[in-house]
Amino acid sequence: MVQAARELLAVRSPLDAELMVSDMVGAWWGRRVRGGDVEQVLGEGLVDFAAKAGTPASLTLLICLAYLGTARQGAKAEGAALAMMESGVARPGWADRVGAVKPTGCWVSRDAYGDQDTVICTFAYKSSEGARDERARNEPTRSEAVATSPYSQDRHALVVVVDHNMSGMARDAWVSSQVDKLLEQARAEAAGNPMLLFEEIEPQQARALLESAMKATREPKTPPPVSDSYSAYHAFARSRLKALPPGRKRPAPLHIEAPYSRERRAMLAAEFLASDAAEHLSDPSAASRCADHIIDYGCEQDFGRPLRVSPTKCETFLLDWLPRKVMLSQAEQDAMPHALSAWVRFAARRTALPEQGLKATLDAVWEATGKFPEAYRDPTSFGLDRPLLERLLPDGDLSALARRVFAFPFLTGTHGGVELHRLNPADEADRRTLLEIDHVGEIDEEHLAWHEEIATRLWEGDPPQLWEAAQRLLDLGHDRHDVLHVLIEIAERIGGDPEELAAALDDIADIPDEI
């Protein structure tokens, strides 16, 4: 990378340099390395290596990293760059303008469904004269101030696509220097199309929305479903957001409602069941339970918006979320597609969804209905009877089944005169009895207490990294008890710090020889 940084000496603008370095550091974005955080191992390692190189190219790289890097990388890069400049290492004439930008306007293009926001933030560099002094000035940030602002060079737009069907994560990002053409095209697409809205928003709103979206993209432990180009623009986008003014305004594009209490959810379900849209549902009891699941999904997975409906949201709910998360009775399985169609009609009226949006959503539900029986495998098809499933899943959380079976493998039959089917793994006393049976001959109370701690954490899924680590070790062919002992060793060594425990579990790649 230090060798590749020689190309920075040939570029003519800070924008080109920033995009090149953002692409470089994007090479490790979202990756995992053993022995530490990737930004520390590779990012800070690059800063240290560039500082030792002491060349004009490495200095230019450090100047860009001081702006584009993480907080720790930026601080280290800035200190190293200042030391090199004091020693007389030459730098390009545009180097002082890296990051010297001001926002010139923010817009959002959103679809009528609320599935996606495309946020456009435009920026311009300050002219060369007095760049360093002007960085802290509070210039106008609305689009009409562009003509009078000294920030008028290399105008460019950062475009970020936010997907609200994927926990509000940022899924795509790019940069365009064709600012006027980009805005004109966005306005033209929205003109006369009732399914699109394009409007200018406050920079504070844009920053709040994009910071939340980029955080949501960063959080998944598995590689998030982003575009191929997202990693190349991630550092650039993260840094540009700092140029937007902070504020506590709620992100306008989300239209987040007040939190739904249990009482409010129940009232909404009752209104739905009493509506004309639900009058054809033949099993009111099953329809009521289905409505509860639909409302819970909207409240907990869609930013508190149970009334938002779209083709993608309905397909995701029916074919992805339900099969993974909820244990449905046979009656609920039969009723769910019909209840969802009725909910779409009910919600569309409440939210004034355009007719073409309602038709497209109903068509999507109809298409998904044919796939639902295959997508939703009844848990009893796994070879577990329903009474046993109800003991393992008293909360109906189907995603917990595998880890709870792993934690408590002996739940049927008789042992020492104890009828195991009478023991409830959700009960603290019965849980201890089940673990004692799992450890016949072991009398070490402290060891059993740690097994109980791990079993409780697996039951609750806290932290999620615990079961993820167990699965990785099981996939390598390790014995269940050996896996449990590794988890115990880590939990005992780390203690009560949840972040350190999660990080240590993330770092497990295999069982150490000494275990």
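Let's start at helix α20, whose buried residues pack against α17 (445-460), α18 (464-475) and α19 (480-494). Contact here means heavy atoms within 4.5 Å. Helices (H or I, at least four residues) and strands (E, at least two) are DSSP runs, numbered from the N terminus.

This is a predicted model, where local features need pLDDT of at least 70, side-chain atom pairs count only at pLDDT 80 or more, and totals for chains, interfaces and linings use all residues. Residues are numbered from 1 along each chain as its sequence is written, and side-chain values use heavy atoms, with hydrogens and water left out.

Back to α20, residues 498-506. Its buried residues are L501, A502, A504, L505 and D506. Buried means under 20% relative accessible area, exposed means over 50%, and partly exposed is in between (1.4 Å probe, protein chains only). Look at the start of the helix. There, a side-chain oxygen of D497 comes within 3.0 Å of the backbone nitrogen of E499.

Next, the strands. Take β1, residues 101-111. How many of its residues are buried? The count is 11 of the 11, so β1 is largely enclosed by the rest of the structure. It has two partners. Pairing needs at least two DSSP bridges between the strands. With β2 (residues 116-126), β1 runs antiparallel and has nine bridges.

Now the rings. The whole structure holds 10 aromatic pairs. The rule covers rings of Phe, Tyr and Trp (its six-membered ring) with centres within 6.5 Å; planes under 30 degrees apart are stacked, over 60 edge-to-face, the rest tilted. Take W29 and Y230. Their ring centres are 5.2 Å apart and their planes at 65°, so this pair is edge-to-face. What does the pair tie together? W29 is in the loop between α1 (14-25) and α2 (38-53), and Y230 is in helix α8 (residues 230-241), so the pair ties together parts that are 201 residues apart in sequence. Both residues are buried. A second pair, F372 with Y376, is tilted, at 5.7 Å centre to centre and 35° between the planes. F372 and Y376 are buried too. There is also a cluster, with F272, W343 and F346 linked by ring pairs.

Two arginines sit over rings. The test is NZ of Lys or CZ of Arg within 6 Å of the ring centre and within 35 degrees of the ring normal. The charged end of R404 is over W459, 4.3 Å from the ring centre. That of R480 is over F406, at 5.5 Å from the centre.

On to the cores. A nonpolar core is a set of buried Ala, Val, Leu, Ile, Met, Phe, Trp, Tyr and Cys residues joined through side-chain atoms within 4.5 Å. The largest has 82 residues, and L322, M336 and W343 touch the most other members. Helix α12 (residues 330-351) gives the largest share of this core, 10 residues. Leaving out residues up to four places away in sequence, L322 touches F317, L328, M336, F372, Y376 and L398. A second, separate core has 57 residues, among them V47, L61, Y125 and Y230.

Is A407 buried or exposed? A407 is buried, at 4% relative accessible area. Beyond its neighbours within four places in sequence, A407 contacts L435, A455, L458 and R480.

Last, the backbone. Most residues other than glycine have a negative phi, and most peptide bonds are trans. Here are some exceptions. The bond between D462 and P463 is cis, with omega about 0°. P463 is in the loop between α17 and α18. S167 has a positive phi, near 60°. S167 lies in the loop between β3 (151-163) and β4 (169-176), and is partly exposed at 46% relative accessibility. A352 also has a positive phi, about 60°, without being a glycine. A352 sits in the loop between α12 and α13 (355-375). With a relative accessible area of 63%, A352 is exposed.

Definitions and conventions:
A polar contact is a pair of N or O atoms within 3.5 Å; within protein, one must be able to donate a hydrogen and the other to accept it, and residues adjacent in sequence count only if both atoms are side-chain atoms.
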